[in-house]
Amino acid sequence: MAEQLVNIHDLVGRCPFATSQKLLAGKWSLLIMHELSEGPVRFRELERRLYPITQATLTRALRQLEDDGLVHREVYGTIPPKVEYSLTEVGAGFKTVLASLETWGNQYIDYMKSSGRI
């Protein structure tokens with residue numbers, strides 16, 4: 001009997017790793033989630049913090065994270081318009097993952113320095 005290949009997209013919603021990978025597949029997703037983990041941020045401030053991200057790329061990434069339920073977009077009825085982005089409740093649950101990634105990332109940076117890789 002032939003082995004059946006599994007499409008990774010078929011695992012989304014069933015496998016936690018495939019689901020997480022799909023949600024964070026965007027080049028900027030992890031960095032956006034990190035910036036929003038500290039509280040609401042306006043669009044231009046996010047753009048400044050994430051330089052050299054383009055306006056179009058940031059807009060696309062934020063829309064995807066919003067569609068995925070991780071980011072909330074709040075539009076204030078002021079002139080000029082004010083828009084803030086923040087993590088949703090489920091997005092805020094990602095803070096523990098960010099903390100773990102920071103710890104591991106710092107350990108790996110130390111490894112790279114001690115092994116002469118940087």
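Biologist: Leaving aside its neighbours within four places in sequence, which residues is Glu84 in contact with?

Modeller: Happy to start there, with the reminder that this is a predicted model. Glu84 is found in strand 3, residues 82-87. Beyond its neighbours within four places in sequence, the residues in contact with Glu84 are Pro40, Val41, Arg42, His72, Arg73, Glu74 and Tyr76.

Biologist: Which side chain makes a polar contact with the side chain of Glu84?

Modeller: The contacts of Glu84 include His72, Arg73, Glu74 and Tyr76. The polar contact between side chains has a distance of 3.2 Å, and the partner of Glu84 is Tyr76.

Biologist: Does Glu84 count as buried or exposed, and why?

Modeller: The cut-off for buried is under 20% relative accessible area. Glu84 has a relative accessibility of 17%, so this residue counts as buried.

Biologist: Good, now the largest pocket: which helix supplies the largest share of its lining?

Modeller: This pocket has a volume of about 240 Å³. Helix 3 (29-36) and helix 7 (95-114) each supply at least two residues of the lining. The largest share is 5 residues, and these come from helix 7.

Biologist: How many residues of that lining are charged?

Modeller: Among the lining residues are Lys27, Lys95 and Glu102, along with Leu30, His34 and Ser37. The lining divides into 5 nonpolar and 2 polar residues, and the number of charged ones is 3.

Biologist: How far apart in space are His34 and Gly77, C-alpha to C-alpha?

Modeller: In sequence, the two residues are 43 residues apart. In space, the C-alpha to C-alpha distance between His34 and Gly77 is 27 Å.

Biologist: What distance separates the end C-alpha atoms of helix 7?

Modeller: Helix 7 has 20 residues, and at 1.5 Å a residue they should span 28 Å.

Biologist: Which residue is joined to Pro52 by a cis peptide bond?

Modeller: Pro52 lies in the loop between helix 4 (43-49) and helix 5 (55-67). Omega for this cis bond is about 20°, and the residue joined to Pro52 is Tyr51.

Biologist: And what is omega for the cis peptide bond from Ile79 to Pro80?

Modeller: Pro80 is found in the loop between strand 2 (71-76) and strand 3. The bond leading from Ile79 to Pro80 is cis, with omega near -5°.

How values were computed. Residues numbered from 1 in each chain as written. Predicted model: local features only at pLDDT ≥ 70, side-chain atom pairs only at ≥ 80, totals over all residues. Heavy atoms only, no water. 1 Å grid on protein atoms, 1.4 Å probe; cavity = no way out; pocket = protein on both sides within 12 Å on 5 of 7 lines; lining within 4 Å. Points joined across faces, edges and corners; volume = space filled by probe spheres on them. Helix = DSSP H or I, 4+ residues; strand = E, 2+ residues; numbered from the N terminus. Nonpolar A, V, L, I, M, F, W, Y, C, P; charged D, E, K, R; others polar. Buried < 20%, exposed > 50% of the residue type's maximum accessible area, 1.4 Å probe, protein only. Polar contact = N/O pair within 3.5 Å; in protein donor to acceptor, adjacent residues only side chain to side chain. Contact = heavy atoms within 4.5 Å. Expected span 1.5 Å × (residues − 1).
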